Structure formats: C-alpha cells, structure tokens
Amino acid sequence: YSMLYNKKGYLYIAGYTSSKDFPVTASAYCTKYNGGAGDAFILKLDKDLKSLAASTFLGGSGNEDDWYSAEIVMDKHGNICIAGNTASSDFPTTQDAYCSKYNGGGKDVFISIFDTDLKALLASTLFGGIANDDISRSLRIDHRSDEICIAGITFSPDFPITPGAFSRTLSGGLDGFIAKFSPDLSKLSRSTILPSGWIYGMMIHENGDIYVGGHTGSRLPTTPQAF
C-alpha cells in the first residue's frame with residue numbers, strides 16, 4: 001500500500017481490496033467492483049480525515065491483489081499516477097497506450113494516471129512479457145523530463161528492452177528491470193535488465209540518475225571502484 005499528500009493537504013491512498021462494497025464516490029471513474037480476488041483502489045481524504053473526497057476502483061475481471069506492489073505518485077499537474085500488478089486480460093487501458101494487450105503469464109505490470117478528483121482515467125498501459133512481471137513498490141517521476149519510471153522483476157524471456165540499454169541479456173530466471181515511459185504512457189522511452197537482481201526500491205536524483213536497491217542470489221554486475 002502507498003500514500004501521499006498534495007499541496008492542499010489531501011491524502012491519497014492506493015491499495016487493493018476484495019470488498020464489493022468498498023466505499024467509492026458517486027462521480028468516481030469506476031464505482032463497481034470488477035471481479036477476481038481483488039481490485040486496486042485509489043481514495044482521497046480531506047486533511048482532517050473527516051470526509052471521503054473521492055474513491056475509485058481500478059481493475060478487470062482477473063486479480064489485482066498483490067498487496068506489496070501498489071505505488072502512487074503525483075505529477076506536476078496534480079494528476080495521480082498508480083502502478084501495480086494485474087492478471088486481468090481486460091484491464092482498462094487508454095487509446096494511445098504503449099501496450100493495450102495483456103501479455104500473458106501470471107501477471108503484467110500496469111501504470112495508470114487519473115485526474116486529481118479520480119473522475120477520469122487519463123492514461124493507462126500494460127507492460128511485460130509472456131511470464132510473470134512484477135513491480136515492487138518502485139514508481140517515480142523524473143521531474144526533468146516528466147517521464148514515469150518503474151522498476152521490478154521479470155521472468156519473461158521476451159521482456160521489452162530498448163536498443164542501447166545497459167543490459168539486454170536475460171538470465172533465464174528472475175531478473176530486475178528498470179523502465180521509463182513518456183508522461184502520457186504512449187511510449188517506452190528506455191528499458192533495461194539488471195541481470196539476476198530483485199529490485200525492491202528506487203529513487204531518482206535531481207540530476208536524473210536512477211538508484212535502485214534489492215537483493216541477488218547471483219553475481220550481479222558491479223563497477224571497478226565498488227565497495
């Protein structure tokens with residue numbers, strides 16, 4: 001689960017629920033539980049936690065129930081960006097999304113952007129290959145370019161990697177990945193593999209450098225001057 005405050009003091013929370021009667025607001029993007037073992041949700045509370053300003057479901061007929069994967073950030077326009085995992089072949093995507101088709105396997109990563117009142121789905125894309133792909137609470141925005149950056153793990157032998165990436169070599173098992181998308185989620189700007197790495201967290205420096213952390217059960221690539 002993940003949360004953030006905006007400048008007006010509203011609290012946003014993202015997570016997963018299996019409750020068909022989870023509290024949603026009348027004008028929300030999706031007011032109906034979509035099925036499966038769980039839907040994602042995003043809710044907005046006032047600064048005193050006295051009223052529910054907005055709340056919506058997000059999902060398809062499959063499962064969006066990985067409690068550890070939900071992550072939420074806000075862009076410079078105040079729009080709400082959420083990322084997580086889905087096993088729904090009908091997960092909602094938008095017209096110009098980078099990938100609107102479920103890729104198969106156990107689950108795909110999703111990234112979705114809502115307006116500040118959670119009334120409109122502004123952009124939404126799937127991401128992954130034919131096997132399991134997970135985001136592990138690693139979603140950030142590069143404020144120099146407004147690109148959306150995610151990190152996680154993949155078992156997919158056909159995982160999308162861009163030309164010139166740090167590594168295009170998959171281990172044949174579990175690998176870490178780092179990927180950047182255009183602000184409207186229509187384009188995969190960069191994508192690389194971190195061989196044999198399980199990425200748990202990520203941050204972006206003000207100069208644009210990306211830092212990730214996690215664990216490995218193998219010889220992860222290191223640099224000559226490393227500790």
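Two strands pair if DSSP finds at least two bridges between them. I take strands as DSSP runs of E with at least two residues and helices as runs of H or I with at least four, numbered from the N terminus.

**Ground rules**

I am working on a predicted model, where local features need pLDDT of at least 70, side-chain atom pairs count only at pLDDT 80 or more, and totals for chains, interfaces and linings use all residues. Residues are numbered from 1 along each chain as its sequence is written, and side-chain values use heavy atoms, with hydrogens and water left out.

**Entry: strand β11 and its partners**

I started with β11 and its neighbours. β11 and β12 pair in the antiparallel sense over six bridges, and Ala-179 stands opposite Ser-191 in β12. On the other pairing I looked up, β10 and β11 are also antiparallel, over seven bridges, with Ile-153 opposite Gly-176 in β11.

Next I asked how many residues of β11 are buried. For burial I use relative accessible area: under 20% is buried, over 50% exposed, and partly exposed lies in between (1.4 Å probe, protein chains only). Seven of the seven residues of β11 are buried, so the strand is largely enclosed by the rest of the structure.

In a regular strand the side chains alternate between the two faces of the sheet. I found Asp-175, Phe-177, Ala-179 and Phe-181 pointing one way from β11, and Gly-176, Ile-178 and Lys-180 pointing the other way.

**Entry: the nonpolar cores**

I define a nonpolar core as a set of buried Ala, Val, Leu, Ile, Met, Phe, Trp, Tyr and Cys residues joined through side-chain atoms within 4.5 Å. The largest one has 22 residues, and the members touching the most others are Ile-111, Phe-127, Leu-139, Ile-148, Ile-150, Phe-177 and Phe-181. Elements giving two or more residues to this core are β6 (80-86), β7 (108-114), β8 (121-127), β9 (133-142), β10 (147-154), β11 (175-181) and β12 (188-194). A second, separate core has 20 residues, including Ala-14, Tyr-16, Ala-40 and Leu-58.

Leaving out residues up to four places away in sequence, Ile-111 touches Cys-81, Ile-82, Ala-83, Ala-123, Ser-124, Thr-125, Ile-148, Ile-150, Phe-181 and Leu-185.

**Entry: aromatic rings**

My rule pairs rings of Phe, Tyr and Trp (its six-membered ring) if their centres lie within 6.5 Å; planes under 30 degrees apart are stacked, over 60 edge-to-face and the rest tilted. The count comes to 13 aromatic pairs.

Tyr-98 and Phe-181 form an edge-to-face pair, 5.7 Å centre to centre with 70° between the planes. This pair links distant parts of the chain, 83 residues apart: Tyr-98 is in the loop between β6 and β7, and Phe-181 is in β11. Tyr-98 is partly exposed at 31% relative accessibility, whereas Phe-181 is buried at 0%.

Phe-159 and Phe-177 have ring centres 4.8 Å apart and planes at 35°, so I noted the pair as tilted. Phe-159 lies in the loop between β10 and β11 and Phe-177 in β11, so the pair ties together parts 18 residues apart in sequence. Both are buried.

I also noted a cluster in which ring pairs link Tyr-1, Phe-22, Tyr-33, Phe-41 and Phe-57.

Cys-99 is in no disulfide either, with the sulfur of Cys-81 nearest at 16 Å. Cys-81 is buried at 2% relative accessibility, and Cys-99 is buried at 13%.

**Entry: positive phi**

Most residues other than glycine have a negative phi, and most peptide bonds are trans. I looked up some residues with positive phi. Leu-49, in the loop between β3 (39-45) and β4 (52-58), has phi near 60° and is exposed at 53% relative accessibility. Asp-146, in the loop between β9 and β10, has phi near 65°. Leu-185 takes a positive phi near 65° in the hairpin of β11 and β12, which has six residues between the strands.

How values were computed: Contact = heavy atoms within 4.5 Å. Disulfide = S-S within 2.5 Å.
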